[in-house]
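Subject: Structure handover

Hello,

The structure you asked about is below, with the sequence. My notes come after it.

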Amino acid sequence: MDTTQHKKTFYQNLFLKKRFFFAALPILIVTATLALEINSTPEVLNTSLINNSTAGDAERTAPETYAPFVASAVSMADSVPQTKDGIAITTRRDAPNQEIGISVNSEVTLTDQLAAVGKAFGKYLEAHDAWAVITSGKRTSEGQLDIIKERIVERGAEAKFPNLEDASVADWKTWLKAWQWLRRRHVPVNAPAAVPGADVRTSMHLEGRAMDLISDNLDHLRGMLADFSRSKFARNAPLHITAIVREPGCVHINLA
Ligand SMILES: [Zn+2]
C-alpha cells in the first residue's frame, strides 16, 4: 500500500465517519434531550417524596426552622389550657406544666385581683428560674364546709358528728363542734361562716383575699414570696401581701 492510497483511504474513512456523525446527529440530539429530562426527573421525584412524607422527618431544610414554633403553638393551644387571665392550668393536679413560672390547679377560683397577683408572682418566678402552683384562691362557704367534712372523714371521726354530713353553712350548729374539734388538733381549717358570740376565725379565702401556693420546696417558696412582696414585680399588683404562713402542705398568703 503506497502513501497516496493510504491517504485516500484515510479521507474516505473520515468522510464515512462524518457522514455517520451527521446521520447520527438527530439521534444524539434526542439522546441529549432525554438525558436532560432524566436529569430533571429526580428533582420532581424527590419533591413528591418530600411531599408524601411531610408528616415524618423528611422536611429537613426550611420547614424545620419554623416547625418547632408550630409545634409549641399547637401544644400551648391544645394541651396547656389557660385561665381567662392567661395563667397556665395544670394538666396534672399540683404539677407545673413548665419548670418555670406560675400555674394554677383547675378547680381553683381566682378573682381578677387574685389572678393579677398570681401573674405578677409568675413574672418574678420566671426571672428567678423557679415555679409554683396556686392550689387555692377564693373559696365559697360551701367549699369551706366541704373541707371540714373531708378532714373529719380523713381522721375517721364521722361518728362523733352525726349532723355534719347534711350540714349547711347557715345552720352553724351542724358544723361548729366539728370545726372546733379540728382546731383543737391544729388542723389548719377555717370556719365557713362567722358565729355570733363564738371565737370563730373565718377564712380570708372566703373574701377573695388569700391564696395557697406550692412548689418543690415550701420554705424556699415562703422566702420567694417575701422577696417578691418587696420587689418591683409586686409594685403594680392590685393587692399586696400582708401575711405569709407556712402551712403543712402549702404556703398561705393574705392579701389586702
Ligand atoms: Zn390558705
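What follows is a summary of the chain as a whole, then the sheet, the helices on it, the cores and a few single residues.

This is a predicted model, in which local features need pLDDT of at least 70 and side-chain atom pairs count only at pLDDT 80 or more, while totals for chains, interfaces and linings use all residues. Residues are numbered from 1 along each chain as its sequence is written.

Confidence and overall make-up

The chain averages a pLDDT (the predictor's confidence in each residue, from 0 to 100) of 79, and 69% of the residues score at least 70. Over residues 33-77 pLDDT stays under 50, and the model has seven contacts beyond four places in sequence for that stretch. Two residues are in contact here if their C-beta atoms, placed from the backbone, lie within 7 Å. Where pLDDT is low, the predicted coordinates should not be read in detail.

The chain holds six helices and six strands. Both are DSSP runs numbered from the N terminus: helices are H or I with at least four residues, strands are E with at least two. From the N terminus on, the order of elements is α-α-β-β-α-β-α-α-β-α-β-β. Of the contacts between residues at least 6 apart in sequence, 57% join residues at least 24 apart. Buried residues make up 21% of the 256 residues. A residue counts as buried if 20 or more other C-beta atoms lie within 10 Å of its own, as exposed if 12 or fewer do, and as partly exposed in between, with C-beta atoms placed from the backbone.

The sheet

The six strands form an open sheet with mixed pairing, in the order S1-S2-S3-S4-S6-S5. S1 and S5 (241-247) are the edge strands, each pairing on one side only. Pairing requires that DSSP finds at least two bridges between two strands. S1 and S2 pair in the parallel sense over two bridges, and Ala88 has Ser103 in S2 as its bridge partner.

With S3 (residues 131-136) the sense is antiparallel, over three bridges, and Ile134 stands opposite Leu213. With S6 (residues 250-255) the sense is again antiparallel, over four bridges, and Asp212 has His252 as its bridge partner.

How many of the residues of S4 are buried? Five of its five residues are. In a regular strand the side chains alternate between the two faces of the sheet. In S4, Ala210, Asp212 and Ile214 point one way, while Met211 and Leu213 point the other way.

Helices on the sheet

H3 lies across S2, S3, S4 and S6 and runs at about 145 degrees to S2. H6 also packs on the sheet, touching S3, S4, S5 and S6, and its direction makes about 175 degrees with that of S5. Axes are lines fitted to C-alpha atoms, for helices over the stretch in contact, and angles run from 0 to 180 degrees between N-to-C directions.

Cores

A nonpolar core is a set of buried Ala, Val, Leu, Ile, Met, Phe, Trp, Tyr and Cys residues joined through C-beta atoms within 7 Å. The largest one has 30 residues, and those with the most contacts inside it are Phe121, Ala132, Ile134 and Leu213. At least two residues of this core come from each of S2, H3, S3, S4, H6 and S6, and H3 supplies the largest share, seven residues. Phe121 touches Ile102 and Phe228, leaving aside residues up to four places away in sequence. Apart from this core lies another, of nine residues, including Leu145, Ile147, Ile152 and Ala167.

Single residues

Two aspartates have positive phi. For Asp94, in the loop between S1 (88-89) and S2 (101-104), phi is near 70 degrees. Asp94 is exposed, with 12 other C-beta atoms within 10 Å. For Asp129, in the loop between H3 (112-127) and S3, phi is about 50 degrees. Asp129 is exposed, with 9 other C-beta atoms within 10 Å.

Asp219 lies in H6 (residues 218-229) and is exposed, with 10 other C-beta atoms within 10 Å. The C-alpha atoms of Asp219 and Cys250 are separated by 9.5 Å, with the two residues 31 apart along the chain.

Regards
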